[in-house]
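Subject: Handing over a structure, with notes

Dear colleague,

I am passing on a structure that you have not worked with before, and I would be glad if you opened it alongside this message. My notes come after it.

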Amino acid sequence: MTTTWTAGAVGVLPLPSGRFVRGRGLRRPLPDGPPPAFALHLLGRRPPAVDWESRWLRWPDFRLPADRADAADALREAWARAARERVEVACGGGYGRTGTALACLAVLDGVPAPEAVAYVRAHYSPRAVETPWQRRFVARFR
């Protein structure tokens with residue numbers, strides 16, 4: 001039984017290591033197929049409960065995470081879990097905060113930080129990572 005995402009599924013970002021992470025906008029319906037086992041929600045306010053394990057990271061729209069240490073911890077958890085579980089990273093629209101987080105996961109997976117935004121734009125969405133400060137956040141992420 002497959003416990004991770006399938007390559008080519010809606011919103012799924014393939015990472016160089018072979019891990020897959022799904023990005024999504026919470027204002028859109030849940031895609032068809034299996035649900036995530038773990039979701040990292042990047043929102044300014046606490047999200048509604050879901051039927052799977054989730055973690056909320058306070059991250060206002062068009063901004064950066066309120067607590068950078070908590071963000072680094074949450075992103076490392078999502079990256080580690082993606083090796084064996086269906087991990088979803090989601091914000092309201094699925095592009096700015098989600099793209100920024102996905103680019104940080106790419107850095108954790110070995111993509112050089114200066115190339116991570118381009119990697120996510122090529123493999124997830126050309127709209128990913130919306131603001132200059134989000135791009136700078138990725139470039140400085142370790």
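Predicted model: local features only at pLDDT ≥ 70, side-chain atom pairs only at ≥ 80, totals over all residues.

The C-alpha trace spans about 40 × 30 × 25 Å along its principal axes. For 142 residues, a compact globule would have a radius of gyration near 14 Å, and the value of 13 Å found for the protein agrees with that. Buried residues make up 51% of the 142 residues, and, of the contacts with a separation of 6 or more, 61% are between residues 24 or more positions apart.

The five strands form an open sheet with mixed pairing, and their order in it is 1-2-5-3-4. Strand 1 (12-14) and strand 4 (53-58) stand at the edges with a single partner strand each, so one side of each has no neighbour in the sheet. On average, and with direction ignored, neighbouring strands are turned by 25° against each other.

Five of the five residues of strand 5 are buried, so the strand is largely enclosed by the rest of the structure. In a regular strand the side chains alternate between the two faces of the sheet. Here both faces of strand 5 are covered, with Val-87, Val-89 and Cys-91 buried on one side and Glu-88 and Ala-90 buried on the other.

Helix 2

Helix 2 lies across strand 1, strand 2 (20-25), strand 3 and strand 5, and runs at about 145° to strand 5. The 13 residues of this helix (residues 96-108) should span 18 Å at 1.5 Å a residue, and the end C-alpha atoms are 19 Å apart, which agrees. Twelve of the 13 residues are buried, so helix 2, like strand 5, is largely enclosed by the rest of the structure. Among these buried residues are Arg-97, Thr-98, Leu-102, Cys-104, Leu-105 and Val-107, together with glycines such as Gly-96 and Gly-99. Just after the helix, Gly-110 takes a positive phi of about 115°.

The cysteines

How many disulfides does a search of the whole structure find? The answer is zero. The sulfur of Cys-91 has its closest cysteine sulfur in Cys-104, at 13 Å, which is too far for a bond, given that a disulfide needs the two sulfur atoms within 2.5 Å. Cys-104, for its part, is in no disulfide, the nearest cysteine sulfur being that of Cys-91. Cys-91 counts as buried at 2% relative accessibility, and Cys-104 is buried too, with a relative accessible area of 0%.

Two single residues

Is His-41 buried or exposed? This residue, found in strand 3, counts as buried because its relative accessibility is 1%, and buried means under 20%. Leaving aside neighbours within four places in sequence, His-41 is in contact with Leu-26, Pro-47, Val-50, Ser-54, Arg-55, Trp-56, Leu-57 and Ala-90; of these, Ala-90 is one of the buried residues of strand 5.

Arg-28 is found in the loop between strand 2 and strand 3, and is partly exposed, with a relative accessible area of 37%. Although Arg-28 and Gly-92 are 64 residues apart in sequence, they are 8.4 Å apart in space, C-alpha to C-alpha. Again leaving aside neighbours within four places in sequence, Arg-28 is in contact with Gly-93, Gly-94 and Tyr-95.

With best wishes

How values were computed: Residues numbered from 1 in each chain as written. Heavy atoms only, no water. Helix = DSSP H or I, 4+ residues; strand = E, 2+ residues; numbered from the N terminus. Expected span 1.5 Å × (residues − 1). Buried < 20%, exposed > 50% of the residue type's maximum accessible area, 1.4 Å probe, protein only. Pairing = 2+ DSSP bridges. Axes fitted to C-alpha atoms, helices over the stretch in contact; angles between N-to-C directions. Contact = heavy atoms within 4.5 Å. Rg over C-alpha atoms; globule rule 2.2 N^0.38 Å.
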